[in-house]
Amino acid sequence: MLNILVVEDDESTRKLMCVVLQTRGFKTCWAEDGITALEIIGKQHIDLVVLDLMMPNMDGYELTRQLRVLSEHLPILMVTAKQEPKDKRQGFLAGTDDYMTKPVDEEELVLRIRALLRRARIANEHKLTIGKVVLDYDTLTATREDEVNLLPTKEFYLLFKLLSYPNLIFTRLQLMDEIWGMDSETDDHTLTVHVNRLRNRFREWPEFEIIVIRGLGYKAVLHTK
């Protein structure tokens, strides 16, 4: 059973999250601040951390930075009342994998946690399999039966990202920030070029396609049974 650590100083919110996760089949433990959370992680295996930002002793930003020192791949989900873009940006720069604002929809919380756990498993294995297609993160290859495609780095990262979250729409800004970096001066025309190359390259592969969502961004759709 997967073990989720809930780090939240508000007792009612903490208890509610734990109950929601337990009813969905997860095992939970909790801490009311970052220092206690680090002590727990030092004593037992944790599969994912859900944390608040505004906490005594150590806030969520610092806890996230500390967790990233301990583990590059531990999934972290920030859940906070802070809704300003600068707060969200600071959270991602600290190392969080995802960011939700309160009040939290329980079903969305569970869906995001499951997506993060799936992504962590993929990252650990460094391979993504979709029907007959295998993406290998270590070799930057997309393979289908005897056909092997060695992709340029950015194209591979982009394809891996989209296929890791099928049917989820990513905005152009999200993809630019993650693939090229928040401080990159690359314009979004570069993203368009990379997406078009991927769509043309894998046009004949029936397992998936990359869809353009006009005015929003892109998503991958799987066609495997």
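## Overall dimensions

With 225 residues, a compact globule would have a radius of gyration near 17 Å, and the 19 Å of the chain agrees with this; the radius is taken over C-alpha atoms, the globule rule being 2.2 Å times the number of residues to the power 0.38. The C-alpha trace spans about 55 × 40 × 30 Å along its principal axes.

This is a predicted model, in which local features need pLDDT of at least 70, side-chain atom pairs count only at pLDDT 80 or more, and totals for chains, interfaces and linings use all residues. Residues are numbered from 1 along each chain as its sequence is written, and side-chain values use heavy atoms, with hydrogens and water left out.

## Four-stranded sheet

The chain has 8 helices and 12 strands (DSSP runs numbered from the N terminus: helices H or I, at least four residues; strands E, at least two). Four strands form an open antiparallel sheet in the order β6-β7-β8-β9, where pairing requires at least two DSSP bridges between two strands. At its edges stand β6 (127–130) and β9 (147–150), each of which pairs on one side only. The twist from one strand to the next averages 15°.

Between β6 and β7 (residues 133–136) there are 4 bridges in the antiparallel sense, and T129 has V134 in β7 as its bridge partner. Helix α6 lies across β6, β7 and β8 (141–144), at about 125° to β7; axes are lines fitted to C-alpha atoms, for helices over the stretch in contact, and angles run from 0 to 180 degrees between N-to-C directions. Contact means heavy atoms within 4.5 Å.

## Three-stranded sheet

A second open sheet, also antiparallel, has 3 strands in the order β10-β12-β11. Because β10 and β11 (208–213) each have a single partner strand, one side of each is left without a neighbour in the sheet. Helix α6 packs on this sheet as well, touching β10, β11 and β12, and its direction makes about 65° with that of β12.

β11 and β12 (residues 217–222) pair over 6 antiparallel bridges. E209 stands opposite V221 in β12.

## Largest pocket

The largest pocket has a volume of about 1,800 Å³. A pocket is an open set of points on a 1 Å grid over the protein atoms alone, where a 1.4 Å probe fits, with protein on both sides within 12 Å along at least five of seven lines; lining residues have an atom within 4 Å of a point. Points are joined across faces, edges and corners, and the volume is the space filled by probe spheres set on them.

Of its 46 lining residues, F92, D97, R119, K161 and E178 are the closest to the centre. Helix α5 gives the largest share, 9 residues. By class, the lining has 25 nonpolar, 8 polar and 13 charged residues (nonpolar: Ala, Val, Leu, Ile, Met, Phe, Trp, Tyr, Cys and Pro; charged: Asp, Glu, Lys and Arg; polar: the others, Gly among them).
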